[in-house]
Amino acid sequence: MSDCDLIRESMPMLLTESLDSQRRENAHLHIEQCPLCSEEWNGYKETWQLLGEVPEVDVPARVKERFLATVNPQAVAPPRNVVPFVRRPAVRWLAQAAALVVIASGSYFAGHRGAPVQEAKLPPIVQQTPFSIAESRVLPASAVSSTIEGRPDIQNISFTDVNPSAGQIGVSFDITSHVTVTGHPNDASMVRLMRYVLENEDRMSPSSARAIDWVRTTYSQPGYSNPEIIAALSNVLRNDTHEGVRIKAADTLKTLTPEMSVPDTRAALISALKSDPNPAVRIKAVEALLNLARSGASLDAATVETLRQKASQDDENVYVRVKAAEALSNVRP
Amino acid sequence: MKSLSDQELMRIVQAGDFSPASEIYDRYSTRIYNFSYRFLRNSEAAEDATQEVFVKMLKHASQFHGDAKLSTWLFSIAANWCRDYLRKADNKAKEAEDVLISLPTPVELAPDRNLERRQDEERVRKALMVLTPEQREAILLSRYQGLSYAEIAQISGCSEGAVKTRVFRAMETLKKALTMDASGGTRCLTAI
């Protein structure tokens, strides 16, 4: 191996100053005197410098949240103001109701088999209690209508002796049903339901992106802005793992926030602007902040500082920088 | 917690108390995430890698010996995760899947220098993906993490000589891909 080959092989170590002083000195002496190695060395230095052009990115906050949740699930606070639903499909409640319909009907017919025909005293109809969506529930047979409406499909059926000594039996099964909840967009129950839908993508189909589209159409109408919906979108922006969904959330906040400046939302937008790895999310976030600034909302010092940093960050997307600068120019003193 | 050394924090973890988890995460997550992101060029996978590294750190805390640097151990776990990720055939197609959105550049606020810098970034990212995973691992740990060849050897499970060769070959490839085009004087990617 020639001297030139040896020198070239040691060039990476020369760059990291990993060579001992004697070898380093010898290498530099050779490079100064050898045009080919000198050219090679310049190429190495330029390449090394170019590698440094790739900026470091911030870790999305959700990674830490997920990690800490793994370490200690109690360390991560549950979402606030979420309706106390359980995570199973919302229609299971009907399964239990239908099961009890069967029980009621079975009991009724068993009790009257062979007996003189009388006018049946039907158990009372299910009372109109507040609508409850729960994983499962048990109802007494007397609380179920004697007619089975809609001929539902019954699956996963099981028969149990609930309390043999008291002659109590149970029939459990799942039933698929379709529920339509109606109400004004700003009804508290409707808002809570929408928030649940937005924040629980893994529990719904087809996707929360559709829910965000619908929320955008509905809640961007004058007078329909709602802080809970905005808070839910903020959570989606902060936590959703799908970039497309985060983009939609930020874009929707852009249309909603001027009317409803929520500190938590600003924090979510700032967090996305600072650390979301996807530039499209950062773009939507800075546009939302620009809208806030234009609307005359007061921006706190941390928000202004972040905008200032972004406006002057050389390695940031140019569009983000421009919009950050524009937002700063709209900030009220 | 902030005043404690890595070794002291790990001794607490080894005793079954995970309260230093957050502090250790804060110290190293950015480095681990960026290493994984540059290695895989996939932000979603980099997030998974980062989380997994710290979960494994807690699960296997007993395997950490105080004579080694915590960073070296964490990078070993991260490198293993990334290698496994790439080994899975279905993940290969996901490499380089992060697509950056290009927007029209406002002329008045787009100095040539910035434009060129951004182009350079993109060239470097692409050039890094041309390297073999072993070469990429070595160059990332050397260039961006400033680790010695001995530390890289420990992380990669190979000899220092092998690291030296990997870095050299990686630099050769990158130099060809990134340096000036002699004929036109403009930057070009010859190997991509």
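Colleague: Which orientation do α11(A) and α13(A) have to each other, roughly parallel or roughly antiparallel?

Modeller: This is a predicted model, in which local features need pLDDT of at least 70, side-chain atom pairs count only at pLDDT 80 or more, and totals for chains, interfaces and linings use all residues. Residues are numbered from 1 along each chain as its sequence is written; chains are lettered from A and ligands numbered from 1 in the order in which they are written. Angles under 35 degrees count as roughly parallel, over 145 as roughly antiparallel, 65 to 115 as roughly perpendicular and the rest as oblique. Axes are lines fitted to C-alpha atoms, for helices over the stretch in contact, with angles from 0 to 180 degrees between N-to-C directions. Here the axes of α11 (residues 263-275) and α13 (residues 301-312) of chain A come within 11 Å and cross at roughly 20°, so α11(A) and α13(A) are roughly parallel to each other.

Colleague: Which residues make the contact of α11(A) with α13(A)?

Modeller: Two residues are in contact if their C-beta atoms, placed from the backbone, lie within 7 Å. From α11(A) come R266(A), I270(A), L273(A) and K274(A); from α13(A) come A302(A), T303(A), T306(A) and K310(A). By class these residues are three nonpolar, two polar and three charged, where Ala, Val, Leu, Ile, Met, Phe, Trp, Tyr, Cys and Pro count as nonpolar, Asp, Glu, Lys and Arg as charged, and the others, Gly among them, as polar.

Colleague: Why does strand β1 of chain A lie largely in the open?

Modeller: A residue is buried if 20 or more other C-beta atoms lie within 10 Å of its own, exposed if 12 or fewer, and partly exposed in between. Of the ten residues of β1(A), residues 154-163, the number buried is zero, so the strand lies largely in the open.

Colleague: How many bridges join β1(A) to strand β2 of chain A?

Modeller: Two strands pair if DSSP finds at least two bridges between them. Six join β1(A) to β2(A), residues 168-175, and the two run antiparallel. S158(A) faces S172(A) in β2(A). The hairpin leaves four residues between the strands, and G167(A) in the turn has a positive phi of about 70°.

Colleague: How many helices and strands does chain B have?

Modeller: Helices (H or I, at least four residues) and strands (E, at least two) are DSSP runs, numbered from the N terminus. Chain B has nine helices and zero strands. Of its 192 residues, 36% are buried.
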